[in-house]
Amino acid sequence: MMMKKKQHTLSISHHYCFLLSLFSIFTSSISTMPHNYSDALTKSLLYFEAQRSGRLPHNQRVAWRDHSGLTDGLEQGVDLVGGYYDAGDHVKFGLPMAFTVTMLSWSIIEFGEYIAGAGELEHAMEAIKWGTDYFIKAHTSPNVLWAEVGDGYTDHYCWQRPEDMTTSRQAYKVDENNPGSDVAGETAAAMAAASVVFRKINPRYSYLLLHHARQLFEFADKYRGKYDENMEVVKNYYTSVSGYNDELLWAAMWLYKATDNHRYLSYVIDNAHRFGGIGWSITEFSWDVKFAGIQVLASQILT
């Protein structure tokens, strides 16, 4: 991956990996806490607020940020205001953003009571909804997903604040003619996982997320292709090296968890061997490679 222009920053997906480790430490150390992990959790969630794009809410805690990217999608005739910037950049990359939302949702599903005990559950849920609200906008029709706003080539030469940026805000999509099963599959997973989080407190929103998740999974499965081959602007930044098979399985697993519809579980069982990732050689879990996560979800469901 090309070096980011601000080397001290992390992409939102890499920051999430740190946050997941923090959740694990927090829950295992809660009785003999030598350090203030609650404070670390708070600061980690503040990171996501600092990465917000769009019109910021009145309860924004990172006060030095202001509205930005308010014309995103305007030239393409679609509202793409919102979502998250990536690291110190002003680009909105769909694949790592969606993975981050999936994993934030999984964290609440697994560790929600501990996050609530630290007083951060509401902020964690707000971080998820900031992403899913954007994905709803970006999924403008069943077989169209806007997967990037801005481009890394011009952005990496820019040192402006996002509030003042003059870099390209060109938007890029995947569709039937230019498929992106990886980014569509991961976005389906994000919406399905988030639907579980919001099921009890906001059932209407949960249903809306599931509606989009189902459509995106069908799109990803029916029109198969790597998004970086059909949307070349993302190459050198978030190339889908592993391909899209893992995202198809990952999305199906989350849809099964969200719906209990055995069609999705059958999809995973029927395709797991052919799609790969069921052996013992998996050494990575990231925005690109989801097989380890699939295995964990499958072990929870099937044991």
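Predicted model: local features only at pLDDT ≥ 70, side-chain atom pairs only at ≥ 80, totals over all residues.
Me: How many helices and strands does the protein chain have?

Reply: Elements are DSSP runs numbered from the N terminus: helices are H or I with at least four residues, strands are E with at least two. The protein chain has 11 helices and three strands. Along the sequence the pattern reads α-α-β-α-α-β-α-β-α-α-α-α-α-α.

Me: What share of the residues in the protein chain is buried?

Reply: Buried means under 20% relative accessible area, exposed over 50%, and partly exposed in between (1.4 Å probe, protein chains only). Of the 303 residues in the protein chain, 58% are buried.

Me: What share of the contacts joins residues 24 or more positions apart?

Reply: A contact means heavy atoms within 4.5 Å. Take the contacts in the protein chain with a separation of 6 or more: residues 24 or more positions apart account for 73% of them.

Me: How is empty space found?

Reply: Rolling a probe the size of a water molecule over the atoms shows where empty space is left. On a 1 Å grid over the protein atoms alone, a cavity is a set of points where a 1.4 Å probe fits but cannot get out; lining residues have an atom within 4 Å of a point. Grid points are joined across faces, edges and corners, and a volume is the space filled by probe spheres set on the points. The largest cavity holds about 50 Å³ of space.

Me: Which elements supply the lining of the largest cavity?

Reply: At least two residues each come from strand 1 (92-93), helix 4 (121-138), strand 2 (145-149) and helix 6 (181-197). Strand 2 gives the most, with four residues. The lining residues include Phe93, Tyr134, Trp146, Glu148 and Val183.

Me: What is the make-up of that lining by class?

Reply: Nonpolar covers Ala, Val, Leu, Ile, Met, Phe, Trp, Tyr, Cys and Pro; charged covers Asp, Glu, Lys and Arg; the others, Gly among them, are polar. The lining of the largest cavity has seven nonpolar, two polar and two charged residues.

Me: Is serine 181 buried or exposed?

Reply: Serine 181 counts as buried because its relative accessible area is 0%. It sits in helix 6.

Me: What does serine 181 touch beyond its sequence neighbours?

Reply: Outside four places in sequence, the contacts of serine 181 are Ala220, Tyr223, Arg224, Gly225, Tyr244 and Glu247. Its C-alpha is 8.3 Å from that of phenylalanine 217, 36 residues away along the chain.

Me: Which backbone oxygens does the serine 181 side chain reach?

Reply: A polar contact is a pair of N or O atoms within 3.5 Å; within protein, one must be able to donate a hydrogen and the other to accept it, and residues adjacent in sequence count only if both atoms are side-chain atoms. The serine 181 side chain lies 2.7 Å from the backbone oxygen of alanine 220. The backbone oxygen of tyrosine 223 is 3.3 Å from a polar atom of that side chain.

Me: Where is aspartate 89?

Reply: Aspartate 89 is in the loop between helix 2 (37-50) and strand 1. It counts as buried because its relative accessible area is 2%. Its side chain makes a polar contact of 3.2 Å with the side chain of histidine 156.

Me: How many salt bridges are there?

Reply: A salt bridge is a side-chain nitrogen of Lys or Arg within 4 Å of a carboxyl oxygen of Asp or Glu. The count is 15. Glu49, Arg61 and Glu120 are linked in a network of them.

Me: Which parts of the chain does the pair of arginine 263 and glutamate 218 link?

Reply: Their side chains meet in a salt bridge at 3.2 Å, N to O. The pair links distant parts of the chain, 45 residues apart: arginine 263 is in helix 10 (residues 262-275), glutamate 218 in helix 7. Arginine 263 is partly exposed at 45% relative accessibility. Glutamate 218 is partly exposed at 34%.

Me: Are lysine 226 and aspartate 228 buried or exposed?

Reply: Lysine 226 counts as buried at 18% relative accessibility. Aspartate 228 is buried at 2%. Their side chains form a salt bridge of 3.6 Å, N to O.

Technical notes
Residues numbered from 1 in each chain as written. Heavy atoms only, no water. 1 Å grid on protein atoms, 1.4 Å probe; cavity = no way out; pocket = protein on both sides within 12 Å on 5 of 7 lines; lining within 4 Å.
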